[in-house]
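Q: Could we go through this model together? I would like to start with the overall fold and then turn to the packing.

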Amino acid sequence: MTARATAATAPGTGAAAASPGASATGRDAILLAARRAFTQRPYAEVTIRGIAADAGVSASLVVKHFGRKEQLFNTVADFGPAAEELFDAPLDRLGRHMVLTLVRRRREQKGDPLLRVVFSLGNHDERSLLRDRFHEQVTARLTARVPGPEAALRAELIAGQLIGLGATLSLHREGAGSLATPEHLADLYAPALQALVVGPPTAGAPAAPGRPAVTPAGRRSPGR
């Protein structure tokens with residue numbers, strides 16, 4: 001945004017900044033609007049004024065919270081905090097934790113922590129940073145965590161399943177998933193994620209956390 005545009009919108013920050021609580025609400029609205037703007041339109045077409053209008057706040061409030069458009073974009077492109085929450089569990093409970101965290105965050109914050117990366121696919125402008133950040137902060141981090149062979153492939157599949165869950169809940173916003181508890185969704189969805197976390201069983205090898213051991217004949221060990 002140019003200095004001229006900033007000056008034109010500077011007077012008054014509006015009701016959104018009248019109190020700490022309102023300011024926090026305004027900041028959240030700005031982030032949601034910025035995510036929509038940067039993932040659906042070329043970077044050059046996105047303006048601070050447009051984001052402010054979508055968020056229902058003044059452009060000066062956007063500048064107050066985030067500074068220039070470049071700084072706001074870098075905030076939107078940061079998946080680090082989401083990954084910190086999603087992966088903060090022992091391996092034997094990681095699949096369930098990821099589902100519970102994603103669903104609860106969607107419902108509490110009215111937004112998905114990962115889904116915005118999908119809208120960057122096929123674009124070749126600054127939005128490629130979304131894909132780069134996602135790989136660095138989500139997929140690569142998960143690759144380092146999961147044990148066993150083909151860790152990178154399994155990490156990519158886990159990330160894909162998490163994005164798929166978010167896309168399904170968004171597509172069926174008023175469907176059966178919206179009525180299910182996070183715990184029930186985890187009961188149904190987490191086992192497939194957990195199988196990818198621990199990796200395929202190896203005959204005769206000790207069981208990985210969260211998966212029963214397998215005998216040489218391919219049968220699960222008794223009592224497990």
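A: The answers below concern a predicted model.

Q: What does the secondary structure of the chain come to?
A: The chain has 11 helices and 0 strands. Along the sequence the pattern therefore reads α-α-α-α-α-α-α-α-α-α-α.

Q: And how many of the residues count as buried?
A: The chain has 224 residues, of which 42% count as buried.

Q: What share of the contacts comes from residues 24 or more positions apart?
A: Among contacts with a separation of 6 or more, 63% are between residues 24 or more positions apart.

Q: Let us turn to the largest nonpolar core. Which residues touch the most other members?
A: Ile-30, Phe-38, Ile-51, Leu-72, Leu-114, Phe-134 and Ile-158 do, in a core of 57 residues. The element that gives the most to this core is α9, with 8 residues.

Q: Take Ile-51, then. What does it touch?
A: Leaving aside residues up to four places away in sequence, Ile-51 touches Ile-30, Ala-33, Ala-34, Ala-37, Phe-38, Val-46 and Leu-72.

Q: Back to α9. How do α9 and α11 pack?
A: Helix α11 covers residues 182–198, and its axis lies 8 Å from that of α9 at an angle of about 165°. Angles over 145 degrees count as roughly antiparallel, and α9 and α11 are therefore roughly antiparallel to each other. Their crossing is right-handed.

Q: Which residues make that contact?
A: From α9 the contact takes Arg-154, Leu-157, Ile-158, Gln-161, Leu-162, Gly-164, Leu-165 and Leu-169. From α11 it takes Leu-185, Tyr-189, Ala-192, Leu-193, Leu-196, Val-197 and Val-198. By class, the residues of the contact of α9 with α11 are 12 nonpolar, 2 polar and 1 charged.

Q: What about α7 against α9?
A: Helix α7, residues 94–109, packs on α9 at an angle of about 35°, and the axes are 11 Å apart. This crossing is right-handed. On the α7 side the contact is made by Met-98, Val-99, Leu-102, Val-103 and Arg-106. On the α9 side are Ile-158, Leu-162, Leu-165, Gly-166, Leu-169 and Ser-170. The contact of α7 with α9 has 8 nonpolar, 2 polar and 1 charged residues.

Q: Leu-165 came up there. Is it buried or exposed?
A: Leu-165, which is found in helix α9, has a relative accessible area of 6%; the cut-off for buried is under 20%, so Leu-165 is buried.

Q: What does Leu-165 touch?
A: Not counting residues up to four places away in sequence, Leu-165 touches Val-99, Leu-102, Val-103 and Tyr-189.

Q: Which residues in α8 meet which residues in α9?
A: Phe-134, Thr-139, Leu-142 and Thr-143 belong to α8, and they meet Ala-151, Ala-152, Ala-155, Glu-156, Ile-158, Ala-159 and Ile-163 in α9. The residues of the contact of α8 with α9 divide into 8 nonpolar, 2 polar and 1 charged.

Q: Staying with α8, how accessible is Leu-130?
A: Leu-130, found in helix α8, counts as buried at 0% relative accessibility. Leu-130 and Val-76 are 54 residues apart in sequence, while their C-alpha atoms are 8.5 Å apart in space.

Q: What lies in the loop between α8 and α9?
A: Glu-150 lies in that loop. Glu-150 is not a glycine, although its phi is positive, at about 55°. Most residues other than glycine have a negative phi. Glu-150 is exposed, with a relative accessible area of 56%.

Q: One last topic: which residues in α4 are buried?
A: In α4, residues 59–66, the buried residues include Ala-59, Ser-60, Leu-61, Val-62 and Phe-66.

Technical notes. Residues numbered from 1 in each chain as written. Predicted model: local features only at pLDDT ≥ 70, side-chain atom pairs only at ≥ 80, totals over all residues. Heavy atoms only, no water. Contact = heavy atoms within 4.5 Å. Helix = DSSP H or I, 4+ residues; strand = E, 2+ residues; numbered from the N terminus. Nonpolar A, V, L, I, M, F, W, Y, C, P; charged D, E, K, R; others polar. Buried < 20%, exposed > 50% of the residue type's maximum accessible area, 1.4 Å probe, protein only. Core = buried A, V, L, I, M, F, W, Y, C linked by side-chain atoms within 4.5 Å. Axes fitted to C-alpha atoms, helices over the stretch in contact; angles between N-to-C directions. Left-handed = near helix turned anticlockwise from the far one by under 90°. Parallel < 35°, antiparallel > 145°, perpendicular 65-115°, else oblique.
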